[in-house]
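Biologist: I would like to learn how to read the features of a protein model one at a time. Could we start with the strands and then move to the side chains?

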Amino acid sequence: MNKIHAIVLSAALCPALLFAASPERKAARVELRSKMHEQGRWYLTLGVPAYSYLGAKVAGGHHYGESVYWGATAGAGYYYADHLSLSAEYAVETTESVWKDLFGLLVPMETLHRHNFSLVNNYSVGRFTFGAGPNLVCNRWFMSSSLLEGSPTTRSDCFWSLGLVADAFFNMGNFSVGAVYRPSLVRLDGGSGAGYSIGVDLRFRINPVRIR
């Protein structure tokens, strides 16, 4: 019975021992992560939202909110100190659907586009990166009526707003997954209800050569 237990225990431990990182490999990973966040480095980022939700108060006091149909993020950053970087980012989010016609008839369609221009201060610790900064947003809203309701009509609204961006990412090498929140605090045209977006992003980081 003791031999059987030993065999079972060995079989259970073999995969763990096979994939377990040695102290040397762990130290190498820690050193690599540290070099990725050292002063003088610059980097590029590309990303897409895994899920995101937009909301805004648009023309006529109409409140609109919907899940993002597609989006993309691009940015560039520079480490001005170890583990501290400043990045400029652009993100576009839209709720527009490709299905605008039903049996040849124009159906009700409502879309919201958000173009985000952000300057983010980032702090990296271990596998995590936290960022926050100002965010300038161009909001474009469009709505069309249905032919089923009579003559089709369209309504639209376009305004700029100023707000913040806050994010937290878990880094796995050059890949990251994290939460991003972009609340708009004030409309630059003096209106009320500037809007917001919240979601989960997938990012890929490109590490060019070190400047220093």
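Predicted model: local features only at pLDDT ≥ 70, side-chain atom pairs only at ≥ 80, totals over all residues.

Biologist: Which strands pair with strand 7, and in which sense?

Modeller: Strand 7 covers residues 109-125. On one side of the account is strand 4 (residues 84-94), which pairs with strand 7 in the antiparallel sense over 11 bridges. Strand 8 (residues 128-144) also pairs with strand 7 in the antiparallel sense, over 15 bridges.

Biologist: How many residues lie between strand 7 and strand 8 in their hairpin?

Modeller: There are two residues between these strands, and Gly 126 in the turn has a positive phi of about 60 degrees.

Biologist: How should I read a positive phi?

Modeller: Most residues other than glycine have a negative phi. His 83 sits in the loop between strand 3 (70-81) and strand 4, and counts as partly exposed at 29% relative accessibility.

Biologist: What is Leu 112 in contact with, apart from its neighbours within four places in sequence?

Modeller: The contacts of Leu 112 include Leu 54, Ala 56, Tyr 64, Arg 140 and Trp 141. Glu 93, Thr 94 and Thr 95 are also in contact with Leu 112. As a separate distance, the C-alpha atoms of Leu 112 and Val 58 are 9.6 Å apart, while 54 residues separate them along the chain.

Biologist: How do I read an aromatic pair?

Modeller: A pair of aromatic rings is described by the distance of the centres and the angle of the planes. The count for this model comes to seven aromatic pairs. In one of them, Phe 117 and Trp 160, the ring centres are 6.3 Å apart and the planes are at 25 degrees, so the pair is stacked. Phe 117 lies in strand 7 and Trp 160 in strand 9 (residues 154-172), so this pair ties together parts that are 43 residues apart in sequence. Phe 117 is partly exposed, with a relative accessible area of 40%, and Trp 160 is partly exposed at 38%. Together with Tyr 90, Phe 117 and Trp 160 form one aromatic cluster.

Biologist: Which arginines lie over the face of a ring?

Modeller: Arg 187 lies over the face of Phe 159, at 3.6 Å from the ring centre. Arg 205 lies over the face of Tyr 43, with 4.4 Å to the ring centre.

Biologist: How many salt bridges does a search of the whole structure find?

Modeller: The search finds seven salt bridges. One of them joins Arg 114 and Glu 93, at 3.9 Å from N to O. Arg 114 lies in strand 7 and Glu 93 in strand 4, so the pair ties together parts 21 residues apart in sequence. Both of these residues are buried. Arg 187 also meets Asp 157 in a salt bridge, at 3.9 Å from N to O. Arg 187 is in strand 10 (residues 175-187) and Asp 157 in strand 9, so this pair ties together parts 30 residues apart in sequence. Arg 187 is buried, and so is Asp 157. Glu 38 and Arg 41 meet at 3.5 Å, N to O, and Glu 38 is buried with a relative accessible area of 17%. Finally, salt bridges link Glu 89, Asp 201 and Arg 203 in a network.

Key. Residues numbered from 1 in each chain as written. Heavy atoms only, no water. Helix = DSSP H or I, 4+ residues; strand = E, 2+ residues; numbered from the N terminus. Contact = heavy atoms within 4.5 Å. Phe/Tyr/Trp six-rings, centres within 6.5 Å; stacked < 30°, edge-to-face > 60°. Buried < 20%, exposed > 50% of the residue type's maximum accessible area, 1.4 Å probe, protein only. Lys NZ or Arg CZ within 6 Å of the ring centre and 35° of its normal. Pairing = 2+ DSSP bridges. Salt bridge = Lys/Arg side-chain N within 4 Å of Asp/Glu carboxyl O.
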